[in-house]
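Subject: Structure handover

Hello,

Here is the structure I promised to pass on. Please open it first, then read my notes below.

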Amino acid sequence: TFQNEYGSHFMELNSSCNVTIEKCTFERHPTMKQCPGLATAFDLKEGVACVCKLSEADNYKLLIMKGMVVKPDRVLTGNQGDLIFPFTGNDFLETIMNEGIEHHYCLGYDVDDCVLKEYCRIVGIKAIEVKERGVND
């Protein structure tokens, strides 16, 4: 808990396996200029990951993408990592544009994408996967 002129604040550090804690830092938020904001910066854990987005526009649909987080080949700031997917950037853009998928995605590790697809089928949510279309970046 910390106190400032805006009141008392509670912060919990998640010891999730998703971050490399030894490289975690706290910084002034880069875009919150009107009031003090706090941002964390850390490298994503390397390994297989699932990136998803639940869209609530019109009908529910869940974008599901499985890929690999690899160590970046350059210095990055914020919560960063490079993700490699089995499809091109154009395939991704075409899918999200055609399906109307918004921004802000979640990333998780040890996620069984088959279970997510089955859940979508059971509850009537459209599961969306990016299909390779053979278009080069």
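Helices here are DSSP runs of H or I with at least four residues, numbered from the N terminus. That tells you where helix 1 stops. Just after helix 1 comes Gly100, with a positive phi of about 70 degrees. Keep in mind that this is a predicted model.

**The overall layout**

The protein has two helices and 10 strands. Along the sequence they follow the pattern β-β-β-β-β-β-β-β-α-β-α-β. There are 137 residues, and 26% of them count as buried. The exposed surface comes to about 9600 Å². Carbon and sulfur atoms supply 55% of that surface. Residues 24 or more positions apart account for 58% of them.

**Helix 1**

Helix 1 covers residues 89-99. Its buried residues are Asp91, Thr95 and Ile96. What do they pack against? The answer is strand 6 (61-70) and strand 10 (126-128). On the other side of helix 1, Met97 and Asn98 are exposed.

**The nonpolar cores**

In soluble globular proteins, nonpolar side chains tend to be buried together. Which residues make up the largest nonpolar core here? Eight residues do: Val51, Leu63, Met65, Phe87, Ile96, Ile101, Ile128 and Val130.

Leave aside its neighbours within four places in sequence. Met65 is then in contact with Ala49, Cys50, Val51, Phe85, Phe87, Phe92, Tyr105 and Val130. Val51, Phe87 and Val130 are also members of the largest nonpolar core.

**Aromatic pairs**

How many aromatic pairs are there? The count comes to two. Phe85 and Phe87 form a stacked pair. Their ring centres are 5.0 Å apart, with 15 degrees between the planes. Are these two residues buried or partly exposed? Phe85 has 23% relative accessibility, so it counts as partly exposed. Phe87 has 14%, so it counts as buried. The cut-off for buried is under 20%.

Phe92 and Tyr105 form a tilted pair. Here the distance is 6.2 Å centre to centre, with 55 degrees between the planes. This pair links distant parts of the chain, 13 residues apart. Phe92 belongs to helix 1. Tyr105 sits in the loop between helix 1 and strand 9 (106-109). Tyr105 is partly exposed, with a relative accessible area of 33%.

One more ring deserves a look. The charged end of Lys45 sits over the ring of Tyr109, 4.6 Å from its centre.

**Helix 2**

Finally, find Asp113. This residue is in helix 2 (residues 113-123). Is Asp113 buried or exposed? Asp113 is buried, because its relative accessible area is 13% and the cut-off is under 20%. Beyond its neighbours within four places in sequence, Asp113 is in contact with Cys50, Ile64 and Lys66.

Best wishes

Note on methods: Residues numbered from 1 in each chain as written. Predicted model: local features only at pLDDT ≥ 70, side-chain atom pairs only at ≥ 80, totals over all residues. Heavy atoms only, no water. Buried < 20%, exposed > 50% of the residue type's maximum accessible area, 1.4 Å probe, protein only. Contact = heavy atoms within 4.5 Å. Areas by Shrake-Rupley, 256 points an atom, 1.4 Å probe, with all protein chains shown as cover. Core = buried A, V, L, I, M, F, W, Y, C linked by side-chain atoms within 4.5 Å. Phe/Tyr/Trp six-rings, centres within 6.5 Å; stacked < 30°, edge-to-face > 60°. Lys NZ or Arg CZ within 6 Å of the ring centre and 35° of its normal.
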